[in-house]
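Have a look at it first, and then we'll pick a spot to begin.

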Amino acid sequence: VQLVESGGGLVQAGGSLRLSCAVSGVSGGIFSRYAVAWFRQGPGKEREFVGYIHRNGELMYLESVKGRFTISRDNAKKMVYLQMNNVNAEDAAVYYCAARSVILTDTNDLVAASRYTYWGQGTLVTVSS
């Protein structure tokens, strides 16, 4: 299974950016069973959870991005998106998508990086003031 992020780049503070995560190596049916998360790592910072979308559609976000970031998925295309609005300097980071297969009722600690099996290589988001 491979995950490839794209869409990063330079964005002005207050602007918007949409990141994409393309998943390959699995069928759409298998992909639909995945929980997919976004994590980020800013300069000199630890990797942190940004949000996830469960196979059952449940969404969870880091408190500081609630109302600004939206995660969505297209199972047929095996894609997950992170729409970032009203970006600020604190959002500058390398963004990673991560995935794992889950059962419908498994939502246990999906904010933890250790729960994810597959990772992308990351895409850099830079914020200018």
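Let's begin in a loop: Leu104 sits in the one that runs between β9 and β10 (118-119). Keep in mind as you look around that this is a predicted model.

Is Leu104 buried, exposed or something in between? Its relative accessibility is 49%, and the cut-off for exposed is over 50%, so Leu104 counts as partly exposed. And what does Leu104 touch, once its neighbours within four places in sequence are set aside? The answer is His54, Arg55 and Asn56.

Now for a jump to Cys21. Leu104 and Cys21 are 83 residues apart in sequence, and their C-alpha atoms are 22 Å apart in space.

Cys21 has a partner of its own: a disulfide joins Cys21 to Cys97, with 2.1 Å from S to S. In general terms, a disulfide is a covalent bond between the sulfur atoms of two cysteines. The count for this model comes to one disulfide. The link between Cys21 and Cys97 is right-handed, with 70° about the S-S bond. Where do the two ends sit? Cys21 belongs to strand β3 (residues 17-24) and Cys97 to strand β9 (residues 93-101), so the bond ties together parts that lie 76 residues apart in sequence. Cys21 and Cys97 are both buried.

Next stop, strand β5 (residues 48-53). Five of its six residues are buried, so β5 is largely enclosed by the rest of the structure. Strand β5 pairs with strand β4 (residues 34-41) and also with strand β6 (residues 59-61). Here are the two pairings side by side:

| Pairing | Direction | Bridges | Residues between the strands | Residue with positive phi |
|---|---|---|---|---|
| β4 and β5 | antiparallel | five bridges | six residues | Gly44, about 70° |
| β5 and β6 | antiparallel | three bridges | five residues | Gly57, near 90° |

Each pairing makes a hairpin: β4 and β5 form one, and β5 and β6 form another. In the turn between β4 and β5, Gly44 is the residue with the positive phi, while Gly57 has a positive phi in the hairpin of β5 and β6.

Which residue in β5 stands opposite Arg40? That would be Glu48. On the β6 side, Gly51 has Tyr61 as its bridge partner.

Methods
Residues numbered from 1 in each chain as written. Predicted model: local features only at pLDDT ≥ 70, side-chain atom pairs only at ≥ 80, totals over all residues. Heavy atoms only, no water. Disulfide = S-S within 2.5 Å. Helix = DSSP H or I, 4+ residues; strand = E, 2+ residues; numbered from the N terminus. Buried < 20%, exposed > 50% of the residue type's maximum accessible area, 1.4 Å probe, protein only. Pairing = 2+ DSSP bridges. Contact = heavy atoms within 4.5 Å.
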